[in-house]
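Subject: Structure handover

Hi,

Here is the structure for your set.

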Amino acid sequence: MRFHKLSRRDALKTATALLSVCVSARSLGLSAAAQVPEKIVLGTIPIIPIMQAMTAGNLLAGDFGVVGSIIGLTRGLPLIAPFLTFFSTPSHPVERIMVMQNSPIKILDDLKGKKLAFLGPGTVPDMFLGALPKRTKIRKEEIDLVPMPNPNMPDALAQGLVDAILAIPPADTVAEQKYKARTVANATDLVPYAGLGTVALRRDFAEGHPEAAKKLLRACIRFNRWIDDNPADARKAITKNLGLPQDLATEARIPLCSRNGLPVMPSVWHLYEMMVQVKTIDPHPDPAKLFNDGIIEPTKRFTLPVVEELGLEPDPEIEKMLKGDYPFLPKPVESYYADWERRLLKT
């Protein structure tokens, strides 16, 4: 299999041609009198082209990583991130570090000086690697990091192009089934609790068309709940849409879905602190105001009313996440709670 790094041009072509979804105003239950665009274009990964398109106004909403949204906010991009789609906890890990069966790498410390494939700088896996000093005797700077598209990782590992991979589904399951790769550690061994995905909106769209924004987020909540309630059907959808073999789809890991879509602020702050410490971003002069304006207040305005309308549902894993271990936070976890999180933990 030919191995190459995804170019910016390739990513932009993919984003434009394949990874856009158009939602009509009518599908959101809005009449022409609502004065919303005829169609709302939502982008899904790759992350950088989505943020570029949202900044240019070509996309009104994007489904990408929490890490990407924080980077966008710190850079002053015109977006808000009032939603949590997927997350991971120790009982539901997603990413994992894998090696071939005969590899001498047994523990994370053994990665020192070795080639490790990962998605690239500024991604969630990159942030996880930033936690190595908290859990091991090594730092990510002591690993030879190789940016690589996720689908290329299993073959690259088998061909000896890298010594290990930090893979996300379904590439990790491909490596396991096709090449008998073994797991050295789950990403949750480094960062036990992490928000992985968000739905971000252009600020001017949300503020100019609040009902459309709410209806879009309502659809996202219902979709999250459907996935959570129907894992077998969700896997069937994965099999069909990604063209995966049935046995692969059956075994592939699926991240947890937030049943209420409410951001977990300790996780947001933790990812921010990690990015600052590993120098992915520079410290923001006022991160509290940044997150208040870009996440907390938009959540109160757009997401919370939708959740209250649909009915706030119990989400035990989110409650665990709110009380979880965040090694990079300088203050106690409860110092970072938003109002809805304080209320949630009292119920």
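Start with Lys289: this residue is partly exposed, with a relative accessible area of 49%. (Buried means under 20% relative accessible area, exposed over 50%, partly exposed in between; 1.4 Å probe, protein chains only.) Salt bridges that share partners also link Arg225, Asp228, Asp229, Arg259 and Glu313 into one network. A salt bridge here is a side-chain nitrogen of Lys or Arg within 4 Å of a carboxyl oxygen of Asp or Glu.

Two notes on provenance. This is a predicted model, where local features need pLDDT of at least 70 and side-chain atom pairs count only at pLDDT 80 or more, while totals for chains, interfaces and linings use all residues. Residues are numbered from 1 along each chain as its sequence is written, and side-chain values use heavy atoms, with hydrogens and water left out.

**Salt bridges**

The whole structure holds 20 salt bridges.

- Lys289 pairs with Asp293, with the closest N and O atoms 2.6 Å apart. The two are four residues apart in helix α13, so about one helical turn separates them. Asp293 is partly exposed, at 29% relative accessible area.
- Arg218 pairs with Glu309, again with closest N and O atoms 2.6 Å apart. Arg218 sits in helix α9 (residues 210-229) and Glu309 in helix α13 (residues 287-310), so this bridge ties together parts 91 residues apart in sequence. Arg218 is buried, at 16%, whereas Glu309 is exposed, at 53%.
- Lys112 pairs with Glu142 at 3.6 Å, N to O. Lys112 is in the loop between β6 (96-99) and β7 (115-118), Glu142 in the loop between α5 (132-135) and β8 (144-147), so the pair ties together parts 30 residues apart in sequence. Glu142 is partly exposed, at 24%.

Helices (H or I, at least four residues) and strands (E, at least two) are DSSP runs, numbered from the N terminus.

**Helix pair α3 and α13**

The axes of α3 (residues 66-74) and α13 come within 11 Å and cross at roughly 120°. Axes are lines fitted to C-alpha atoms, for helices over the stretch in contact, with angles from 0 to 180 degrees between N-to-C directions. The two helices are therefore oblique to each other (under 35 degrees is roughly parallel, over 145 roughly antiparallel, 65 to 115 roughly perpendicular, the rest oblique).

Which residues meet? Ile70, Leu73 and Thr74 in α3 contact Leu290, Phe291, Gly294 and Ile295 in α13 (heavy atoms within 4.5 Å).

Best regards
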